[in-house]
Every structure is written in structure tokens, then in C-alpha cells.
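Colleague: Please walk me through how to read this entry, feature by feature. I'll ask, and you give me the idea and then the case.

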Amino acid sequence: MKFWIHTYGCQMNVRDSEAVEALLLAAGHEQAQSEEDAEVVIVNSCTVRQKAEEKAVGKAGNMIAAKKITGMMGCAVKRMGKDIFKRLPKLDFAVGPRRFGLIPHIIDEIVKTRAKGVLEIGDDETPTGMDAHPDIQRSGTTGCFQSYVTILIGCDNRCSYCIVPDVRGHEYSRPAREIVAEIGALASRGVKEVCLLGQSVLRYGVRNPAWDERDAPSPGGYIEAFPRLLEAVASIPGIERIRFTSAHPKGCTDELIRVYKTFPQVCRHLHLPVQSGSDRVLAQMGRRYTRAEYLAAVKKLRDFDPEFALTTDVIVGYPGETEADFEQTRTLMEEAGFDNAFIFKYSPRPGTRSAALPDDVPMVEKERRNQVLLDDQEVRGQRNNDRLIGTVREVMVEGPSKRNRLRCAGRDSGNRIVVWEIPGEACSMPAPGDMVRIRITAAHPQILLGEPL
Ligand code: SAH
Ligand code: SF4
């Protein structure tokens with residue numbers, strides 16, 4: 001059957017959708033050309049904020065109205081459980097984040113028996129099919145040289161506001177040998193860049209109930225396990241760049257810095273969600289670091305490499321967040337000198353610890369704080385990028401620029417987008433995955449412009 005997957009939410013969901021795509025292709029199904037053309041539509045949902053959940057449910061509703069066989073997967077399914085069929089009585093199937101490996105089988109059953117309302121949420125199972133990759137990775141302009149690889153599923157951090165541990169379950173670190181084998185296979189298919197995924201990748205190795213001696217990259221506890229895994233991945237021939245997300249300041253150890261120094265292919269960028277700059281709010285959130293500890297991690301990275309790129313997530317309007325707390329977030333962001341920041345308005349999620357607190361920052365105030373941080377970031381992004389004018393960046397080509405097909409776009413090691421003119425004909429466009437050297441001539445807050453050397 002012709003299928004189409006619609007993905008909401010984070011990179012984890014993007015990765016899970018890719019795995020489902022690969023599993024469906026292997027089972028003899030076919031990728032539709034468009035949503036309209038599809039017989040089966042799967043909506044991969046997010047529930048991290050209420051709005052995200054509503055979007056996914058709305059999309060599935062539209063697909064049902066368009067008379068497609070419609071399924072949902074992902075985090076909103078796990079949160080809503082069987083109530084999802086109260087919202088969408090004609091939904092054909094719903095599968096939680098750890099059960100997506102069952103989708104090809106469920107679709108077969110639905111076609112054979114015309115079953116409706118199939119629900120598979122399971123509890124804390126280890127998902128199957130996690131290592132499946134379609135032949136062409138991440139479609140669109142990014143070509144087929146980049147791939148996401150899941151190294152850690154679930155989360156045991158239990159930050160007060162976050163629903164992820166409830167929907168994605170307990171932490172489980174995939175055995176290092178499985179990860180290395182998967183990346184080796186990707187490299188032999190031409191993948192040059194991998195991004196290792198986990199909710200808090202620096203906790204890699206903390207918990208794996210089935211873990212035995214052969215699974216661990218080192219016996220040295222979790223702070224050591226992630227750097228060891230990075231080394232193992234960096235030693236795979238053909239892998240030129242390694243990214244990972246998300247990081248935690250506690251994992252920014254000397255050992256991690258040593259790996260950076262030894263392996264230039266480990267990219268000089270960290271997504272280091274800070275959430276707040278106020279110690280009072282950080283403690284309430286249960287983030288396990290103080291403002292000073294966070295800034296010490298930033299200093300360590302920047303002392304190692306002054307051009308080290310840092311991006312972050314921030315929540316505005318957490319219960320009880322005062323103007324003074326908010327000012328602390330503003331000043332922390334300035335001190336950390338972030339290259340980019342994703343700002344979220346606090347959204348109470350059922351069952352989380354903070355949902356018991358009054359959501360007392362009015363929406364207009366959340367919007368104002370959100371806008372202030374975005375405006376600050378715009379100025380900071382411009383200033384950071386201006387400093388790079390005149391420098392030469394090693395850029396991995398992604399393809400023609402989205403806005404102007406006669407320009408080429410790629411990313412530097414810091415994940416900064418770099419765009420340059422193609423001299424002469426478009427046929428001289430370098431291939432996606434090529435490495436080129438670009439001298440930066442101009443800068444915008446989120447884009448660097450340059451010329452090839
Ligand atoms: N595991 C990642 C974050 C996953 S959720 C980490 O801890 O680094 C992605 C982002 O969504 C979080 O960093 C946080 O900024 C935001 N977020 C999570 N729960 C939220 C909520 N209830 N309201 C608003 N934003 C939230
Ligand atoms: Fe959520 Fe915190 Fe886990 Fe990130 S580390 S997924 S914010 S509980």
C-alpha cells in the first residue's frame with residue numbers, strides 16, 4: 001500500500017518515522033508521492049506542550065475525513081491511551097513510542113480483518129526496529145549523507161515540567177556494539193555524518209537492565225561511557241562528522257574535552273538546554289545544576305575552543321517565575337553567548353510535578369518574555385556571527401539553498417548554516433556531503449554568507 005508519514009516534534013520522532021518508513025518499505029509497502037496520493041497515513045505525534053498534541057490530533061482527524069487508513073504513533077498516543085479513540089472514534093490504529101516496530105504487522109491485520117481502533121502502547125518494552133534505515137536518509141535538501149542514530153531511549157531525569165519520561169518510559173542505553181554496527185552499515189551506504197540521539201545523551205550507559213560486559217564501551221561508569229562511545233564511533237571509517245543531542249552540563253567533563261581534542265570529527269557544537277537562569281527556578285524544575293555550574297560548563301567549552309557553538313532551550317513562565325527570575329534568564333543567556341535559542345512558553349502537562357502548581361504567569365506575560373528573549377537572541381546571533389567574518393569555515397555541503405537555487409548551503413562544525421554563490425553554472429554545484437572551505441564575507445543572525453576558496 002502507498003503510505004505517508006506526517007511527523008511532529010523532536011528529532012527522536014523524525015528518527016522513529018524514518019525507522020517506520022524503512023520497516024514499511026521492507027514489508028513491501030510503497031512511499032506515496034504526497035499525502036493526497038497515500039492510502040495509509042501515519043501521524044507521528046508530540047505531546048511535550050498541549051499545542052503540539054492538538055496539532056497532531058487535528059491532522060489525524062483530517063486524514064480520517066479524507067478517508068485514508070489513519071494511524072497515530074508517538075508520544076501523544078502514550079499520553080492519551082485509549083482516550084485517543086474518544087477524540088478520534090474512527091482512528092484505525094494508535095501505537096506508542098516504544099511499539100512502532102509493530103506497525104507493518106498492524107497494517108496487515110487492518111487490511112485483512114478490517115479491524116478498527118487497534119491500540120498498542122505497551123509499557124517499557126525495548127522497541128524493535130530501532131536500527132532500520134530507509135535507503136535514502138532524511139529526504140529534502142539534505143541529501144543522503146546524514147543520519148540520525150538513537151543511542152538512548154526514554155528518560156529518568158524527571159524534570160518537574162516534563163512529560164517525556166511518562167510517555168517515552170525509563171531510560172535504556174542501546175548496547176555500544178549495536179550502535180557501532182548500525183553506524184558502520186550506514187557508512188558503507190555513503191553516510192558521512194551521524195547525529196546520536198537521546199533525551200540526555202551524556203547519561204548514556206547509566207541504565208540498561210540487560211547490559212552485559214560486551215555491551216558497555218567501558219566499565220568506568222556513565223560519565224566515561226559516553227566519551228568512550230564517541231571514540232568508538234569516531235573510529236568508524238567514512239564517518240566525517242559526529243553530532244549528538246541533547247547534552248547536560250554535568251556531562252561536560254574533562255574526558256569529553258579530551259575526546260574533542262583527539263577527534264576533530266566530533267562537531268564543535270552542543271545543544272545544552274538551560275531552561276532558566278534562576279537558581280530558584282532551576283531547583284524547582286529539578287534540573288540538577290545551578291546557574292554557576294551551567295556557566296562553568298560553558299566556560300570549559302569556550303576555553304577549549306572560543307568558536308565552540310552553543311544552542312539552548314528556555315522555558316518562560318514556569319509557575320511562580322518572577323520578573324527577577326526572568327531577568328536572571330536574560331543575563332545568563334547573555335553570559336553564555338548562545339548562538340541560537342529555542343524559547344518555549346510553559347505548558348502544564350498532566351501528571352508532571354509542576355502541573356500541581358498554579359500556572360500563574362498570564363499568557364500575555366509569557367508572550368512578552370518569549371519575545372524579549374527572541375529579540376535579545378537576534379542581536380546576540382548577529383554579534384556572534386559578525387565575529388566570524390573573515391574566518392574560513394570547513395563546510396559540509398547540504399545542497400542548493402532553499403531560497404535561491406543558484407546558491408549552495410551547508411553547515412560548519414558548529415552547525416551554523418553557511419550559504420555561498422555558485423560560480424558559473426548550477427552544474428558546478430558541489431555534491432551533498434562534500435567538504436568545502438568557505439571564507440565568510442557577511443553575516444545574519446542565523447546565517448553566514450561567504451565565498452569558496
Ligand atoms: N531531553 C531534552 C528536552 C526534551 S523536550 C533535554 O532535557 O535536554 C524539548 C524542550 O521542550 C525542553 O528542553 C524544554 O525547553 C521544552 N519543554 C519541555 N516540557 C515543556 C513544558 N511543559 N512547557 C514548555 N516547554 C517544555
Ligand atoms: Fe524532559 Fe528533563 Fe528528561 Fe529532558 S531531561 S526529557 S526535559 S525530563
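This is a predicted model: local features need pLDDT of at least 70, side-chain atom pairs count only at pLDDT 80 or more; totals for chains, interfaces and linings use all residues.

**Rings, ligands and sulfurs**

Modeller: Let's start with Tyr-289, which is buried at a relative accessible area of 5%. Buried means under 20%, exposed means over 50%, and partly exposed is in between, with a 1.4 Å probe and protein chains only as cover. Tyr-294 is buried too, with a relative accessible area of 0%.

Colleague: OK, aromatics next. How many aromatic pairs does a search of the whole structure find?

Modeller: The general idea is that two numbers describe a ring pair, the distance of the centres and the angle of the planes. Rings of Phe, Tyr and Trp (its six-membered ring) pair if their centres lie within 6.5 Å; under 30 degrees counts as stacked, over 60 as edge-to-face, and the rest as tilted. Searching the whole structure gives six such pairs. One of them joins Tyr-260 and Phe-304, stacked at 5.7 Å centre to centre with 25° between the planes. Tyr-260 sits in helix H9 (residues 254–262) and Phe-304 in helix H11 (residues 291–304), so this pair ties together parts that are 44 residues apart in sequence. Helices (H or I, at least four residues) and strands (E, at least two) are DSSP runs numbered from the N terminus.

Colleague: Is Tyr-260 buried or exposed?

Modeller: Tyr-260 is buried, at 0% relative accessibility. Back to our opening tyrosines: Tyr-289 and Tyr-294 make a tilted pair, 5.7 Å centre to centre and 45° between the planes. And Tyr-260, Phe-304 and Phe-308 belong to one aromatic cluster.

Colleague: Which residues are closest to ligand 1?

Modeller: Shell first: a residue counts as near if one of its heavy atoms lies within 4 Å. For ligand 1 that gives 15 residues, the closest being Gln-199, Pro-273, Gln-275, Asp-313 and Ser-347. By type, the shell has six nonpolar, four polar and five charged residues. On individual atoms, a side-chain N or O of Gln-275 is 2.7 Å from an oxygen of ligand 1, a backbone N or O of Tyr-161 is 3.1 Å from a ligand nitrogen, and a polar backbone atom of Ser-347 is 2.8 Å from a ligand nitrogen. Taken alone, ligand 1 exposes 550 Å², and the protein buries 89% of that; such areas come from Shrake-Rupley with a 1.4 Å probe. Strand E13 (309–316) and strand E14 (340–345) are the elements that give two or more residues to this shell.

Colleague: And what surrounds ligand 2?

Modeller: Its shell includes Cys-155, Cys-159, Cys-162, Tyr-161, Gln-199 and Arg-287.

Colleague: How many disulfides does the structure hold?

Modeller: A disulfide is a covalent bond between the sulfur atoms of two cysteines, and the test is a pair of sulfurs within 2.5 Å. Here the count is zero. Take Cys-46: its closest cysteine sulfur, in Cys-75, is 6.3 Å away, too far for a bond. Cys-46 is buried at 11% relative accessibility, and Cys-75 is buried at 8%.

Notes: Residues are numbered from 1 along each chain as its sequence is written. Chains are lettered from A and ligands numbered from 1 in the order in which they are written. Side-chain values use heavy atoms; hydrogens and water are left out. A polar contact is a pair of N or O atoms within 3.5 Å; within protein, one must be able to donate a hydrogen and the other to accept it, and residues adjacent in sequence count only if both atoms are side-chain atoms. Ala, Val, Leu, Ile, Met, Phe, Trp, Tyr, Cys and Pro count as nonpolar, Asp, Glu, Lys and Arg as charged, and the others, Gly among them, as polar.
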